[in-house]
Amino acid sequence: EIIAPKVLVVPSIAKSLKMRHFKTAFRLCAKERVDLNVLIDYDFPSSIEQPNADELVRGLETPEHVMELLEALRVGDAFSEDGEYMRKICESAYAECPNRKQMLEDIGVQKVRRTCEAIRASISNLYMNTDGTSRWSL
């Protein structure tokens, strides 16, 4: 049995997210039971803006993984509920945010709505056939 304390896993997730390796970040979160909201909250709102949203959907790879992320979405900030360790580990990203107040407001109620809209648009952009049917079904 392997033990991987979150304090050791979260820096790897943060590094993957910083490098836009969403597939690796998703797999680490799923395997180590880290809140999937980290994928969105790490660099919100730019994480769901184009072309980042397309990269996120491509990184999730399957409709099942997209649905897993959507089902995990919740109002709030994944960095504040599990103590301050995640915020401290990812402090540089938070510190670099030019408008922290706007970031914290967006992480609220709008986060879920905006994330769902962005993922839906990305799926349409990436997986729609010319006849209007989807190659993906969710």
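The model is predicted: local features need pLDDT of at least 70, side-chain atom pairs count only at pLDDT 80 or more, and totals for chains, interfaces and linings use all residues. Residues are numbered from 1 along each chain as its sequence is written, and side-chain values use heavy atoms, with hydrogens and water left out.

The protein chain holds 9 helices and 0 strands. Helices (H or I, at least four residues) and strands (E, at least two) are DSSP runs, numbered from the N terminus. Of the 138 residues, 39% count as buried. Buried means under 20% relative accessible area, exposed over 50%, and partly exposed in between (1.4 Å probe, protein chains only). Among contacts (heavy atoms within 4.5 Å) between residues at least 6 apart in sequence, 68% join residues at least 24 apart.

Asn52 lies in helix α4, which spans residues 52-60. Asn52 counts as buried because its relative accessibility is 12%. Beyond its neighbours within four places in sequence, Asn52 is in contact with Arg20, Phe22, Ser46 and Ser47. A polar atom of the Asn52 side chain lies 2.7 Å from the backbone oxygen of Ser46.

Cys29 counts as buried, at 1% relative accessibility. Cys116 counts as partly exposed, at 34%. The count of disulfides (pairs of cysteine sulfur atoms within 2.5 Å) comes to 0.

Notes: A polar contact is a pair of N or O atoms within 3.5 Å; within protein, one must be able to donate a hydrogen and the other to accept it, and residues adjacent in sequence count only if both atoms are side-chain atoms.
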